[in-house]
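Let's take a walk through this fold together.

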Amino acid sequence: MNRRRLLTGLAGLGITGGSAWVALNGLSDDDGLPKRVETMRADGSTDGTVQVPVPETVTVIDLFATWCMPCQKQMEALMKLHDEYGDEVRFVSITNERIGGTLTKDDIRSWWNENDGKWTLGLDPDSSVMAALNAGGLPFVGVAAPDGTVTWRHHGVAGIDTLREQIDAAEKR
């Protein structure tokens, strides 16, 4: 076998193996997190910014939209867990809806109050957190350990028992 054929074969194997790795793991070995997100004044939230995930604490990351009916159901479980864990765990709910036109901050604030939100409320109109978490739809919940590693991701409504298990597992990490 000549050297050119051997090198061509090895290059082909490398490309195939690399493609398979990217397909399984993505282009990056991290989540593209942390991200800084604008926060807004609402019950439990103030104007400013927050790093997601919040450093040195378990963080529950909730991605929602005001038009999303399942997101309302997800808020019920999040509210109960927020009351249960108190300050031990940080909850951050983030909408990627764009302010302007027919949607105002007051609209989001009203939805938040109607659904008993009492923790950090973030705005991510460019969907950078959604992209970093590879969230394909809403609702979406992720749990991050104190070191910032996302330990669990879930698309759809997550049950309270499952969320509690994932929060507890992230605390022990």
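## Two helices packed together

Helix α2 (residues 69-85) packs against α5 at an angle of about 45°, and their axes are 10 Å apart. Here axes are lines fitted to C-alpha atoms, for helices over the stretch in contact, and angles run from 0 to 180 degrees between N-to-C directions. Angles under 35 degrees count as roughly parallel, over 145 as roughly antiparallel, 65 to 115 as roughly perpendicular and the rest as oblique, and α2 and α5 are therefore oblique to each other. Their crossing is right-handed, a term used if the near helix is turned clockwise from the far one by less than a right angle, with left-handed for anticlockwise.

Which residues of α2 meet α5? On the α2 side they are Gln-74, Ala-77, Leu-78, Lys-80, Leu-81, Glu-84 and Tyr-85. On the α5 side, Ile-160, Leu-163, Arg-164, Ile-167, Asp-168 and Glu-171 take part. A contact here means heavy atoms within 4.5 Å.

## How the model was read

This is a predicted model, in which local features need pLDDT of at least 70 and side-chain atom pairs count only at pLDDT 80 or more, while totals for chains, interfaces and linings use all residues. Residues are numbered from 1 along each chain as its sequence is written, and side-chain values use heavy atoms, with hydrogens and water left out.

## The overall picture

The protein has five helices and seven strands. From the N terminus on, the elements follow the order α-β-β-β-α-β-α-β-α-β-β-α. Helices (H or I, at least four residues) and strands (E, at least two) are DSSP runs, numbered from the N terminus.

Of the 173 residues, 42% count as buried. Buried means under 20% relative accessible area, exposed over 50%, and partly exposed in between (1.4 Å probe, protein chains only). The protein exposes about 9,600 Å², with carbon and sulfur atoms supplying 51% of it; these areas come from the Shrake-Rupley method with a 1.4 Å probe. Among contacts between residues at least 6 apart in sequence, 68% join residues at least 24 apart.

## The sheet and its helix cover

What is the strand order of the open sheet? The seven strands are arranged as β2-β1-β5-β4-β3-β6-β7, with mixed pairing. At the edges are β2 (48-52) and β7 (150-155), each pairing on one side only. From one strand to the next, the twist averages 30°. Two strands pair if DSSP finds at least two bridges between them.

Now bring α5 back into view. Helix α5 (residues 160-172) lies across β3, β4, β6 (140-144) and β7, and runs at about 25° to β6.

## Strand β3

Strand β3 (residues 58-64) and strand β4 (residues 89-95) run parallel and are joined by seven bridges. Along this pair, the bridge partner of Val-60 is Phe-91 in β4, and Asp-62 stands opposite Ser-93 in β4.

Is β3 mostly covered or uncovered? It is mostly covered, as seven of its seven residues are buried. Val-58, Val-60, Asp-62 and Phe-64 are buried on one side, and Thr-59, Ile-61 and Leu-63 are buried on the other.

The loop between β2 and β3 holds Pro-53, and the peptide bond from Val-52 to Pro-53 is cis, with omega near -5°. Glu-56 is placed in the loop between β2 and β3 too. Although Glu-56 is not a glycine, its phi is positive at about 65°, and at 74% relative accessibility it counts as exposed.

Another cis peptide bond joins Leu-138 and Pro-139, with omega about -5°. Pro-139 lies in the loop between α4 (128-132) and β6. Ser-127, in the loop between β5 (120-123) and α4, has a positive phi near 60° in a residue other than glycine. Ser-127 is partly exposed, with a relative accessible area of 21%.

## His-155 and its neighbours

His-155 lies in strand β7 and is partly exposed, with a relative accessible area of 48%. Not counting residues up to four places away in sequence, His-155 touches Gly-136, Gly-137, Leu-138, Pro-139 and Phe-140. The C-alpha atoms of His-155 and Gly-137 are separated by 6.7 Å, though these residues are 18 apart along the chain.
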